[in-house]
Amino acid sequence: MKTKNPLLYVGLIATLIFSAGPIYFMLVMASRTNNEIVSLPPPFWVGGNLSSNVNRVFDNPDVLFGQALLNSLIVAVVATVCVVVTSSLAGFAFANLKFRGRNAMLLFVIGTMMVPVQLGLIPLYMLMTKLGLNGGLESVTLPFIVAGFGVFMMRQFAEQAIPDEMIEAARVDGASTFRIFFSIVFPALRPAAAVLGLLTFMERWNDFLWPFLTLDAEHPTVQVALSRLSSGYYSDQSLIMAGTLIGTLPLVVVFIVFGRQIIGGIMEGGLKA
Amino acid sequence: MRIRDRFAKTEARVAPYAFVSPFFIIFAIFGLFPLVYTAWVSMHDWSLLAGNQGYVGFANYRELMQDSDFWRALTNTVGIFLLATIPQLILATVLAQVLNARLRAKTFWRMGVLLPNVTSVAAVGIIFGLIFSRDYGIVNWGLGLVGVDPIDWQGHRWSSWFAISVMVDWRWTGYNALILLASLQSVPKELYEAARIDGASAWRQFWSITVPMLRPTLIFVSIVATIGGIQLFTEPLLFGSGVNAISGGNSGQYQTVAMYLVQQAFTGQRFGYASTVAWVLFLIIAVFAVINVALLRRIKSVD
């Protein structure tokens, strides 16, 4: 029986207004002129300047916004593919293969999820300088091609999705472990891999602190370009809001299309930790 | 045939290590090494441009203890952390309880709650910077309708802390509610049925069943919130504007420790000193995580 308590729905609608409000506000401001933005009362409805504001964002020579979108896409896709592959490999090994030191190593992986490794950013900066990678996209991609969370998540999934008999049978048939992984395990892990991929992509797309410190003016990601837009000498709010809208839109679209899977992934992840 | 068998055996023995090694190698280079090396750099006079200027022992740590800018940043960080986290956990728990009811359009409500988390931290800082703007922000306009004079949100300590906490909570409350919801769903419904038959009010059910059952998850959520909250950086950075945003307001009223760290490292070019800040921040996170667990352990579990 569905609940009929109207109070619950009132509360939920209020929550929804609170959570969607700022995003709607961004859309409104991105479609207005600067004069309208600073007027009182503030505008509440979408105005007619969206396309001209968006054009101004892409034409701005200081922030390279189009380039930034492409850069974010490259960084996020490369990191996502790598995380999914390395996590599937390690997750499978931890779940289905027996080897010395397995439990200790798994404990270490879980430990990495609880340690704020971002605090090592100064030696990381020094390391990237040594490798000659500071400023470029490699520096914001390389450290994130593996993830402890991913390994743990794939292990939990592999443990229930792949019965030991399946692997034994393949071994009797003479298949190598690599062969088993690529022809049996990886296809079976696909649902979890998709969720991990979505979560990783969103995290990389939104990453800020490290890219902000290391990337140079020629290689911005979207988030870094946004911070440059907003910290300019002049305060062009409609330009900033249009940029913010463009930077946010791709993830909102991903979220609307794959919302169910993303929610499933987050709820599973929390349950297992 | 025997050679092939032996090959297969070796392969089966080596493969697991080959499969887990990418994670361990990359993590060792780009995660573990920098974190540990931070302790080493913190014992040196180390400049961004000139490099290592020699070993100084604990001199950086002694200087940090006397550094009033650091203490101010630490006060801001802990203040914002508490101001954000306590209401957030309470709201998330209530919201989880609401979402656990037998609702129509379940997925729709869950997506609505999670929507803010999809927005990037940078975008959140920018949007709320405008919402809390002194002269034409929607918050001050609303306050004006009920006769409150405009507040200079960035200008004062408490008001800036409040605005930044709102940003943090906006982005994370729904996310945490979903994690708590996942754990609520494993609570047997009979427990609530029995309580209802015994005449327990909704409020009573919440405190005597929901909260105790959620304890392990609340501990997990609060540790994650601690790790993130103590490292708060982007929201306060973008809440301010202009080229000097890293100083967190004109008297540092909302500069967090992570902002101070970056300022020391890159504006001040003092890598050694900034590493000291990082290492102390690491210890503070550990201490807060332990306090959190100790506090939440005191919630009675259901017998």
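**Group meeting: how chains A and B meet**

So, let's start with the contact between the two chains: 79 residues come from chain B and 74 residues from chain A. On chain B's side, the top contributor is helix α1, residues 2–41, which gives 20 residues, the most of any element there. If you sort chain B's side by class, you get 61 nonpolar, 14 polar and 4 charged residues.

Before I go on, please keep in mind that this is a predicted model. For confidence, the scores are ipTM 0.90 and pTM 0.91. Chain B has a mean pLDDT of 90, with 98% of its residues at 70 or more.

Okay, let's zoom in on one helix pair across the two chains.

Helix α11, residues 257–267, packs with helix α12, residues 271–297, at about 160 degrees, and their axes are 8 Å apart. An angle over 145 degrees counts as roughly antiparallel, so that's the label for α11(B) against α12(B). This crossing is left-handed.

On the α11(B) side, the contact uses B:Val257, B:Tyr260, B:Leu261, B:Gln264 and B:Ala265. Over on α12(B), the partners are B:Phe271, B:Tyr273, B:Ala274, B:Val277, B:Ala278 and B:Leu281. Split by class, it's 10 nonpolar, 1 polar and no charged residues.

You'll find B:Asp135 in the loop between α5 (121–131) and α6 (138–145) of chain B. Is B:Asp135 buried or exposed? B:Asp135 counts as exposed, because it has 10 C-beta neighbours inside 10 Å, and the cut-off for exposed is 12 or fewer. If you want a landmark, look at B:Ala177, which is 42 residues away from B:Asp135 along the chain; their C-alpha atoms are separated by 34 Å.

That's my tour, thanks.

Note on methods:
Residues numbered from 1 in each chain as written. Chains lettered and ligands numbered in written order. Predicted model: local features only at pLDDT ≥ 70, side-chain atom pairs only at ≥ 80, totals over all residues. Contact = placed C-beta atoms within 7 Å. Helix = DSSP H or I, 4+ residues; strand = E, 2+ residues; numbered from the N terminus. Nonpolar A, V, L, I, M, F, W, Y, C, P; charged D, E, K, R; others polar. Buried ≥ 20, exposed ≤ 12 C-beta atoms within 10 Å, placed from the backbone. pLDDT = per-residue confidence, 0-100. Axes fitted to C-alpha atoms, helices over the stretch in contact; angles between N-to-C directions. Parallel < 35°, antiparallel > 145°, perpendicular 65-115°, else oblique. Left-handed = near helix turned anticlockwise from the far one by under 90°.
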